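Here are some exercises to work through with the model open beside you. Try each task before you read its solution.

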Amino acid sequence: MFSQSKMALMKELTEQDGIFYFKGEKFTGTAFKKNEKGKFITEEPFKKGILHGKRVNYNTKGLPIAREKFKNGKGIYLTYHSNNRIKSKGLINKSIKYGEWLYYNRKGMIKAKERWSDDIPNQLEWEKFYNKKGIIESEMYYKSGILHREIYYDENGKVFKSNKN
């Protein structure tokens with residue numbers, strides 16, 4: 001007797017506290033994501049509702065462009081622009097961001113950075129935004145989830161406004 005692996009579209013799964021469910025049960029199997037044009041772009045392996053195994057990202061031609069390994073929901077999570085360049089990169093643990101996250105534009109230039117708490121789930125500590133040339137534009141710092149300090153820069157990266165809340 002052979003055991004068939006379950007398959008589902010990511011949009012068919014529901015997530016609660018980092019655990020993914022399919023029709024009310026913790027999902028074990030492979031979930032697929034599609035792009036706007038209906039092409040498969042990602043396959044994500046789950047074990048008892050948690051991302052576990054090799055996650056594969058595909059380009060628009062269906063060729064693998066990256067593989068990330070997850071163990072018990074922990075790993076480096078990547079998303080891609082349609083031109084195969086990295087769109088975002090960061091650490092997750094059961095669908096919760098932690099550590100530093102990086103965001104890039106379609107040309108591969110840094111667009112933004114975020115720092116998420118390692119200790120408090122979904123707590124943003126700071127975020128930084130960059131212009132098209134990769135020069136810093138603003139920084140936002142948070143305490144207990146509330147905006148605490150803002151710093152704004154001119155087009156050359158020099159501080160022109162800073163305040164504390």
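The exercises below cover pockets and salt bridges.

This is a predicted model, in which local features need pLDDT of at least 70, side-chain atom pairs count only at pLDDT 80 or more, and totals for chains, interfaces and linings use all residues. Residues are numbered from 1 along each chain as its sequence is written, and side-chain values use heavy atoms, with hydrogens and water left out.

**Exercise 1. Describe the largest pocket and its lining.**

Step 1: Start with the term. On a 1 Å grid over the protein atoms alone, a pocket is an open set of points where a 1.4 Å probe fits, with protein on both sides within 12 Å along at least five of seven lines; lining residues have an atom within 4 Å of a point.

Step 2: Take the volume, which is the space filled by probe spheres set on the points. For the largest pocket it is about 400 Å³.

Step 3: Look at the lining. There are 19 residues, and N35, I41, Y80, H81 and S82 lie nearest the centre of the pocket.

Step 4: Find the strands (DSSP runs of E, at least two residues, numbered from the N terminus). At least two lining residues come from each of β6 (40-47), β8 (53-58) and β10 (74-80).

**Exercise 2. Find which strand gives the largest share of the lining of the second largest pocket.**

Step 1: The second largest pocket holds about 200 Å³ of space. Among its 16 lining residues, F20, L51, Y77, I92 and S95 are the closest to its centre.

Step 2: β6, β11 (86-93) and β12 (96-104) each supply at least two residues of this lining. The largest share, three residues, belongs to β12.

**Exercise 3. Trace the salt-bridge network that holds K33, E44, R55 and E68.**

Step 1: Apply the rule: a side-chain nitrogen of Lys or Arg within 4 Å of a carboxyl oxygen of Asp or Glu. By this rule there are seven salt bridges.

Step 2: E44 and K33 form one of them, at 3.5 Å from N to O. E44 lies in β6 and K33 in β5 (residues 29-34), so the pair ties together parts 11 residues apart in sequence.

Step 3: R55 and E68 form another, at 2.6 Å from N to O. R55 is in β8 and E68 in β9 (residues 64-70), 13 residues apart.

Step 4: Check burial (buried is under 20% relative accessible area, exposed over 50%, partly exposed in between; 1.4 Å probe, protein chains only). E44 is buried at 3%, K33 is partly exposed at 25%, and both R55 and E68 are buried.

Technical notes:
Helix = DSSP H or I, 4+ residues; strand = E, 2+ residues; numbered from the N terminus.
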